[in-house]
Amino acid sequence: MAPSTQHRVVSLAGPGGQPTSSPPVSAANAGIAPDPYAGGVAIGAFAASSAVITGLIIAVISIPVVWAAGFLKPPVVADAAEPAAAAAV
């Protein structure tokens with residue numbers, strides 16, 4: 001999933017897309033770390049089945065966020081030839 005997320009962020013960034021290739025990977029790693037911790041806390045505080053409920057809560061929170069991110073569109077970029085043609089005149 002990381003390559004597809006990285007491609008999506010770079011395409012949404014427009015002309016400055018290349019510098020934006022590392023933040024999605026960092027965000028994915030930051031998102032991966034709390035989930036096992038939350039599951040471990042749930043198991044430690046309650047029972048082993050509470051990890052399933054914790055995962056369900058995380059999914060219920062994250063699915064609408066991912067769905068909403070699907071509505072993001074790339075910026076509209078003016079034709080690159082126009083500034084060069086104006087400079088030549």
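Helices (H or I, at least four residues) and strands (E, at least two) are DSSP runs, numbered from the N terminus. With that in hand, welcome to the tour.

**Before you start**

This is a predicted model, where local features need pLDDT of at least 70 and side-chain atom pairs count only at pLDDT 80 or more, while totals for chains, interfaces and linings use all residues. Residues are numbered from 1 along each chain as its sequence is written, and side-chain values use heavy atoms, with hydrogens and water left out.

**Stop 1: the whole protein**

Show the protein as a cartoon. You will find five helices and zero strands, so the order from the N terminus reads α-α-α-α-α. Of the 89 residues, 8% are buried (buried means under 20% relative accessible area, exposed over 50%, partly exposed in between, with a 1.4 Å probe and protein chains only). Among contacts (heavy atoms within 4.5 Å) between residues at least 6 apart in sequence, 34% join residues at least 24 apart.

**Stop 2: the loop between H4 and H5**

Select Leu72, which sits in the loop between H4 and helix H5 (81-88). Its relative accessibility is 46%, so Leu72 counts as partly exposed. Which residues does Leu72 touch, not counting those up to four places away in sequence? Display Arg8 and Leu12, and you have them. Leu12 is 60 residues away from Leu72 in sequence, yet their C-alpha atoms are 7.6 Å apart.

**Stop 3: the loop between H1 and H2**

Next, pick Gly14, in the loop between helix H1 (2-13) and H2. Gly14 has a relative accessible area of 26%, so this residue is partly exposed.

**Stop 4: H2 beside H3**

Colour helix H2 (residues 23-32) and helix H3 (residues 34-45). They pack at an angle of about 5 degrees, and their axes are 5 Å apart. Axes here are lines fitted to C-alpha atoms, for helices over the stretch in contact, and angles run from 0 to 180 degrees between N-to-C directions. The angle makes H2 roughly parallel to H3 (under 35 degrees counts as roughly parallel, over 145 as roughly antiparallel, 65 to 115 as roughly perpendicular and the rest as oblique). Show the side chains that make the contact: Ala30, Gly31 and Ile32 from H2, with Pro34, Asp35 and Pro36 from H3.

**Stop 5: a residue in H4**

Move to Thr54 in helix H4 (residues 50-69). Is Thr54 buried or exposed? At 18% relative accessibility, Thr54 counts as buried. Beyond residues up to four places away in sequence, Thr54 touches Ala38, Gly39 and Ala42.

**Stop 6: two rings**

Finish with the one aromatic pair in the structure. Select Trp67 and Phe71: their ring centres are 4.9 Å apart and their planes meet at 85 degrees, so the pair is edge-to-face. Rings of Phe, Tyr and Trp (its six-membered ring) pair if their centres lie within 6.5 Å; planes under 30 degrees apart count as stacked, over 60 as edge-to-face and the rest as tilted. Trp67 is exposed at 59% relative accessibility, and Phe71 is exposed too, with a relative accessible area of 52%.
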